[in-house]
Amino acid sequence: MLRDDIDEVWAFDSIQHGDSALLNEGNLGSLFAWSDLARDVLCFLQHYLPQETCTPLPVYLERMPAEIVHTRGKDGMTGRTVIALGQSVGGCALTLAARAVPTLFNTLILIDPLIVPSEL
């Protein structure tokens, strides 16, 4: 079924999963913080997500100017609806990202998120 209500889909690998693990193999230790993926999502949304939807999706993304980054952090995305979908650790990472900068997200869809109290 063809949909006309979704402009783009962006997918993330965590640094130690999938092809990203192969690319980062020589640079990773055995431990990582889940907050690293949240940081990476925030970095992408604030610093690299193009101002307008793109077709086709670009291979190389230009860094956004500082004033756009500041506005995104304060007021959210202009002209974009960001619906984030995360499963397991991805759901936890999106929750951490949305907790840090809630203005960036319109909706979170979490599937089996691994969210535990901080004292654990």
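Biologist: By class, what does the lining of the second largest pocket have?

Modeller: In this predicted model, that lining has eight nonpolar, two polar and two charged residues, where Ala, Val, Leu, Ile, Met, Phe, Trp, Tyr, Cys and Pro count as nonpolar, Asp, Glu, Lys and Arg as charged, and the others, Gly among them, as polar. A pocket here is an open set of points on a 1 Å grid over the protein atoms alone, where a 1.4 Å probe fits and protein lies on both sides within 12 Å along at least five of seven lines, and lining residues have an atom within 4 Å of a point.

Biologist: Which element gives the largest share of that lining?

Modeller: Helix H2 does, with four residues, and H1 and H2 each supply at least two; helices are DSSP runs of H or I with at least four residues, strands are E runs of at least two, and both are numbered from the N terminus. Among the lining residues are Trp10, Phe12, Asp40 and Cys43.

Biologist: And what volume does that pocket have?

Modeller: About 330 Å³, taken as the space filled by probe spheres set on the points, which are joined across faces, edges and corners.

Biologist: How much space lies in the largest pocket, and which residues lie nearest its centre?

Modeller: The largest pocket holds about 1,000 Å³, and of its 33 lining residues Val9, Trp10, Ile83, Ala84 and Leu85 lie nearest the centre. Strand E1 (83-87) gives the largest share of that lining, five residues.

Biologist: Switching to cysteines, how many disulfides are there?

Modeller: The structure holds zero disulfides, a disulfide being a pair of cysteine sulfur atoms within 2.5 Å. Cys92 is in none, and the nearest cysteine sulfur, that of Cys43, is 19 Å away.

Biologist: Is Cys92 buried or exposed?

Modeller: Cys92 is buried because its relative accessibility is 10%, whereas Cys43, at 33%, counts as partly exposed; buried means under 20% relative accessible area, exposed over 50%, and partly exposed in between, with a 1.4 Å probe and protein chains only.

Biologist: Lastly, what does the chain average in pLDDT?

Modeller: The protein chain averages 86, with 97% of the residues at 70 or above, pLDDT being the predictor's confidence in each residue from 0 to 100. Local features need pLDDT of at least 70 and side-chain atom pairs count only at 80 or more, while totals for chains, interfaces and linings use all residues. Residues are numbered from 1 along each chain as its sequence is written, and side-chain values use heavy atoms, leaving out hydrogens and water.
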